[in-house]
Amino acid sequence: MSNITKTIAAALLLGTAAPVMAQDLATSLAEDMPGLMELYRDLHAHPELSFEETETAAKLSKRMRGLGFEVTENVGRTGVVSVMRNGDGPVVLLRADMDGLPVVEQTGLPFASKVTATPASGVTTGVMHACGHDTHMAGFIGAAQLLAERKDEWQGTLVMVLQPAEELGLGALAMLEDGLYTRFPKPDYAVAFHDAAAPAPAGTIGFTPGYALANVDSVDITVKGIGGHGAYPQTTVDPVVLASSIVMKLQTVVSRNSNPLDPAVITVGSFHAGAKHNIISDEAKLQLTVRSYSDESRKQLLDGIRRVARGEAITAGLSEEMLPVVTVEDPYTPSTFNDPDFTQNVMTGFRDRFGEARVMEWPAVMGGEDFSQFRRAAPDDVKSLIFWISGTPAEMLTALEQEGTPLPSLHSPFWAPDAEAVVRTGAEALASAALDLMPRDGG
């Protein structure tokens, strides 16, 4: 029996093997699930792009007000902050992200998105919740309902944040710059979850102590040259050849300058130059994505990119004023760090609630998440944790196991998670974490 099959078999027992203590929240949640799934389907069918989440924010703000939260809209442009004060105690921040992606949905779901929009690229496209933010929001509302019903079981201040523009890596910072930690109670703890296309049964919780997601930098390199006729290259300095040399030499920044035990990625995702077969252009443009974990590693990579671009241009004979221009996009998405002790404490509670088989440590990834900003804004004061919830439907796991069929990734037009498992698990996990972090009378 393979590891995947063993995991699936263990998960099938969860319904009967889950600890008794789980039944308190689970029973209430079972009653809420029809309404939460209706909300999920509505959100899925009506996605909105980053910083355009106006209808989504209004819809969810109304629900939060109905639960008794103090609700403030338009924080960081389209973000929503909902506060529930319940005596002295810790401040716990729970976050969900709201934005969809410029992706034409191809899931075949009966409630598939038919929305179109025109993003900053200027190209009209379909819009889809291809990253599962609709499950995040539905689980978030489920947790809010559970916690509002149980005010006699916790003590402190609950700050629930609906964040815009996670897909741009800009929404969390926008909310912080708009006074998230000054206009509203500053958290002691910040917690969020993200669905995952993982080779594990839907509803499995994955966690990573320490660095969990990477720094994400977007870098543009404009390579200058001296253009001319393609038949007379000796009269030119060909920017295509120079840029090609830069692309190849950049690989050595990771393979020869970085510590092999310190993960790093430099990917050239775009290379544009020229307009005709027989013309040597006077410019080439490269677009890079650069991934790292620590601030030190990030600096080493970015310095290496600048050094390679400059050195290759000098080798090609370009003068100082014609050296490549390297531009690093600012702001960038910083790496996400899960405080190790805090993470283990929360996971101990999850294991007690969901059972050992359903809570697993997963390796860090090189994707990015701007949830990192909530800790980075006050690293001495805020302990943070983002965890994963597998949304992989059983039939996809079977196809992977038996036929080797690859799983669709997040951002795929075919990603259709087992939304009920993600929403149910997310709501219970967020609510139980908050209850554990804000015990009544410090008990």
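Because the model is predicted, local features need pLDDT of at least 70 and side-chain atom pairs count only at pLDDT 80 or more, whereas totals for chains, interfaces and linings use all residues. Residues are numbered from 1 along each chain as its sequence is written, and side-chain values use heavy atoms, with hydrogens and water left out.

Helices (H or I, at least four residues) and strands (E, at least two) are DSSP runs, numbered from the N terminus. Two strands pair if DSSP finds at least two bridges between them. Strand 1 (residues 70-75) runs antiparallel to strand 2 and is joined to it by four bridges; Glu 70 has Val 83 of strand 2 as its bridge partner. The two strands form a hairpin with three residues between them, and Gly 76 in the turn has a positive phi of about 65 degrees. Strand 2 is also joined by seven bridges to strand 6 (residues 156-163), again in antiparallel fashion, with Arg 85 standing opposite Thr 157 of strand 6. Seven of the eight residues of strand 2 (residues 79-86) are buried, where buried means under 20% relative accessible area, exposed over 50%, and partly exposed in between (1.4 Å probe, protein chains only).

Helix 5 is mostly covered, with 16 of its 17 residues buried. In helix 8, the buried residues are Ser 297, Arg 298, Leu 301, Leu 302, Gly 304, Ile 305, Val 308, Ala 309, Glu 312 and Ala 313. Seen down the axis of helix 8, these residues fall within an arc of 150 degrees, so they line one face of the helix; the arc is that of the directions from the helix axis to the C-beta atoms. Glu 296, Lys 299 and Thr 315, on the other side of helix 8, are exposed. The buried residues of helix 8 pack against strand 10 (215-224), helix 7 (239-257), strand 12 (265-273), strand 14 (283-292) and strand 15 (325-328), contact meaning heavy atoms within 4.5 Å. Just after helix 8, Gly 317 takes a positive phi of about 95 degrees.

Helix 11 (residues 394-403) has Met 396, Leu 397 and Ala 399 among its buried residues. Viewed down the axis of helix 11, its buried residues fall within an arc of 160 degrees, so they line one face of the helix. Ala 394, Glu 395 and Gln 402 are exposed on the other side of helix 11. Gly 404 follows helix 11 and has a positive phi, near 75 degrees.

**Backbone exceptions**

Most residues other than glycine have a negative phi, and most peptide bonds are trans. Phe 51, in the loop between helix 3 (23-45) and helix 4 (54-66), has a positive phi near 65 degrees. Phe 51 counts as buried because its relative accessibility is 12%. Ala 165 lies in the loop between strand 6 and helix 6 (171-177) and has a positive phi of about 55 degrees. At 0% relative accessibility, Ala 165 also counts as buried. Asp 330 and Pro 331 are joined by a cis peptide bond with omega of about 5 degrees; Pro 331 is placed in the loop between strand 15 and strand 16 (336-338).

On a 1 Å grid over the protein atoms alone, a pocket is an open set of points where a 1.4 Å probe fits, with protein on both sides within 12 Å along at least five of seven lines; lining residues have an atom within 4 Å of a point. The largest pocket holds about 740 Å³ of space, its volume being the space filled by probe spheres set on the points, which are joined across faces, edges and corners. Its lining comprises 31 residues, of which Leu 213, Gly 367, Gly 368, Glu 369 and Trp 388 lie nearest the centre. Strand 7 (189-196) and strand 10 are the elements that give two or more residues to this lining, and strand 10 gives the most, with three.

Trp 388 is placed in strand 18 (residues 383-390) and is buried, with a relative accessible area of 15%. Leaving aside neighbours within four places in sequence, the contacts of Trp 388 include His 194, Asp 195, Ala 196, Leu 213 and Trp 362.
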